[in-house]
Every structure is written in structure tokens, then in C-alpha cells.
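Please keep the sequence and the model in view while reading.

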Amino acid sequence: MKKLNVGLVRARNIVEIVTAISDREGISRAEIADRAGVSVMTVSNIMEVLLRNGAVYETEQRTENVGRNPALVYFSKTKWMIVINLCDWNMTASFVNLQIESFEDVRQTYDDSISYTENLVRLLNKLHERVDELGLDEDECLGISICLPSVYKQETDTTDSINIPPLAEIPIKATVRKYFGCTVLAGAAVQLAGLACNAKLKQCIPYSMLYLYQGESVRGALLNEGNVILGTNSYAGDLGQMEVADGRRLQDVLVELYGKLEAISERKGVLPEALWDDAEAKPLLSEYVKAMGSALYNASCVFSPHTIVLDGSCVDLGRALAQALTDYVHPRIQPDSRHKPEVRLAASGTDNSMVGAGMRLREKWIKELN
């Protein structure tokens, strides 16, 4: 019989309590207990740890009710972290608070006259300068989380990237540690974004989820019970490499079709979601749905996800895309043999990889408080 790991249970409780505070700042301990599904005593015990380490603070709620007013819990305003995005040649970074909200952004426009490493060093120097200009206490930094275009290889401290080849040659975390002596994490942006979306869809956490992102490439991630599933070489759910038509990859087909749809949208001065009634766009949309639907159907047969979440540029096609894919996939799944997944769109304009990177760093820090 497997023994209960008390430390693991406590760590999970801390994560649930911090998540409850993140969802709604200015929350009482009783409300935290209700949202986290733990006892008020558990909240009080863990709250002492969080208060002692400066993660949160409490203020008394002022009301006209008779009797003692409950204290409200807020995240510390002094703790901070940095999320670096290396998924594009133009590097970006954000200073993030415990609420996983960006309060300062820094950009390094790529300079072709110098090496990739030198461009990264310029970004790191800019970040150091902003730390001083913002008056941030380096002792209050939780760490740095790096979003990568592909999976992180711990043994070589690199990542494979077709679009940014130098990332396969430079030691990523080691380079950052030369300028910041704090915790440094690195991970695939698509997996981090999947974590963020999974956390937002709380009803999906106990189940499985397939996350699909379309931008300049098409990437995917599989999650189960809130955790990313890692397969061979840490890949899993990378549907962009799936063959869907005439030996072509899903990534090539979707990017090409979306580019044509985007051109029609710009030429006619309408939003992409308005193209479903456009005679010129309809054949392209039909091909788009068939290609993506075929890939999602195959994934559903193998993985049987509870929910499929779409993110990136495809979200601009609106809810009609989710409905069209549902109409394509569901009838092809044999009755009563497998779950028919709900197809959902991620929030438009949200950088879920940044949110996921911040969540991962925050979770590591709070677990260490245990």
C-alpha cells in the first residue's frame, strides 16, 4: 500500500491556497478554505508560513457590521520575478508580481551585426538596469523563468529550434546565471501556456487536456491532472508535425491557409471571425477545419482528452471555429467508445506562456517554503 506523503499533501495545500488568493485578492481565510477545499485550520497553519516568508499580508476589513471584521489576505507587493521570452529573434522580458501580472516590459530588438549570445547579454544588462531604476530588492526576487520555442534539454542546457538555430548551441540557463544569481527555470512555451490554460479551466484539472497553439508554427501539449505529459525527448502533443494531407505536416497546411485568410481579412477590412460568411474565404476555411479537425480527431482517438483548447492566431477566427471543429470531430468518434472532447478557445490577447512561466516559478518557490 502506498504511504501518504504528508509533505507532498502540505505542498499541494500551499499551492491550492496561493491559487485561491491569486484568483481573488482581498479574500478572507474562510473564503480561502472554501475555494481551496481545505479546513480553516489548515489555512491558518499555512498562512503563518506565507506571512513569515513575506508572501502575503493581511488587512482588517472595514464594515459597519457588529463584531470583529475578518482580515483580508493580499499578495506581497515586494516580491517579483522575471519571465524571459526567447521564442522570437526579438527577445522580450517582463517583470512579474506574485499575482502573475506584468508591471514592466523590456525588449531587445535583434541586432544582426552581433551574435545571438551578445543580443541575449544586452537584454540581461537592460534587465539589470531596470532592477535598479525600479528600486527592486534583489533579495525579494523569486527567480527567472525562460520561455523557449521548443523543449528544454537539461543535459546540454539548450533547446532545438528550427526557427532560431543558435538556441541549440548556447548554454541558456548558464548564460542567464552569469548576470542573475537566483533560481532560473526554462521550459517550452507551449507547455507553459498549456499549464496556464489548464489552471484557468479549473473544472478540467482532474481530467486530461490537449492544448494546441498556432502562430508561425503549430505546437501542442498534453496535460493530465494539471501536469504536462512528457514523451520521447520531452515531446508530447506536438501535432504540428502530424501528416494530414498529401504527406504535408499540419503546421505547413494551417500556417499557409491562415496566411491566405489573413490576407483576405486585411484586403476587405474585416476581422477574421467575419470570414465565415465570405464566399472567397469559405473554401479555405473548409480546408482549414478539415486539416485541424483530422489532427484533433486522431489525437482524441489516442489520448481521449476531456477538453481541447485552441490558442494563438486561430482564436481570431472566433467561436465559429470551435463549433466547426466540434461538428467535424464528434460524429467521427464511435458512440460510447470514447469521450467527446469540448473544443474551447483561449482568451484572445493573453500571453499564456508568460502566465504559465510565472505560475511555475511561483509554485516552485512556495513549495520550497514547506
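A salt bridge is a side-chain nitrogen of Lys or Arg within 4 Å of a carboxyl oxygen of Asp or Glu. By this criterion, the side chains of R130 and E133 meet in a salt bridge, at 2.0 Å from N to O. The model described here is predicted, and a search of the whole structure finds 18 salt bridges.

**Salt bridges**

- Side chains of opposite charge can pair when their charged atoms come close.
- R130 and E133 are three residues apart in helix α4, so about one helical turn separates them.
- R130 is partly exposed, with a relative accessible area of 21%, whereas E133 counts as exposed at 53%.
- A salt bridge also forms between E140 and K79, whose closest N and O atoms are 3.2 Å apart.
- This pair links distant parts of the chain, 61 residues apart: E140 is in the loop between α4 and β7, and K79 is in the loop between β3 (71–75) and β4 (80–85).
- Both E140 and K79 are buried.
- The side chains of E280 and R267 meet in a further salt bridge, at 2.6 Å from N to O.
- E280 lies in the loop between α7 (250–268) and α8 (282–303) and R267 lies in helix α7, so the pair ties together parts that are 13 residues apart in sequence.
- Salt bridges that share partners join R267, K268, D278 and E280 into one network.

**Negative surface patch**

- E129, D132, D137, E138 and D139 form a negative surface patch.
- One of these residues, D137, lies in the loop between α4 (116–133) and β7 (141–148).
- D137 is partly exposed, with a relative accessible area of 39%.

**Cysteines**

- A disulfide is a covalent bond between the sulfur atoms of two cysteines.
- The search of the whole structure finds zero disulfides.
- C314 is in no disulfide, and the nearest cysteine sulfur, that of C197, is 11 Å away. A disulfide requires the two sulfur atoms to lie within 2.5 Å.
- C314 is buried, with a relative accessible area of 1%, and C197 also counts as buried, at 5%.

**Positive phi values**

- I100 is not a glycine, yet its phi is positive, near 60 degrees.
- I100 is placed in the loop between β5 (91–96) and β6 (102–108), and it is buried, with a relative accessible area of 10%.
- D157, likewise not a glycine, has a positive phi of about 60 degrees.
- D157 lies in the loop between β8 (152–153) and β9 (158–159), and it is buried at a relative accessible area of 11%.

Notes. Residues are numbered from 1 along each chain as its sequence is written. This is a predicted model: local features need pLDDT of at least 70, side-chain atom pairs count only at pLDDT 80 or more; totals for chains, interfaces and linings use all residues. Side-chain values use heavy atoms; hydrogens and water are left out. Patches are made of residues with over 30% relative accessible area and no salt bridge: like charges are joined within 9 Å, nonpolar side chains (Val, Leu, Ile, Met, Phe, Trp, Tyr) within 5 Å. Accessible areas come from the Shrake-Rupley method with a 1.4 Å probe; for residues, only the protein chains shown count as cover. Lys and Arg count as positive and Asp and Glu as negative; His and the chain ends are not counted. The place of a charge is taken as NZ of Lys, CZ of Arg, CG of Asp or CD of Glu. Helices (H or I, at least four residues) and strands (E, at least two) are DSSP runs, numbered from the N terminus. Buried means under 20% relative accessible area, exposed over 50%, partly exposed in between (1.4 Å probe, protein chains only).
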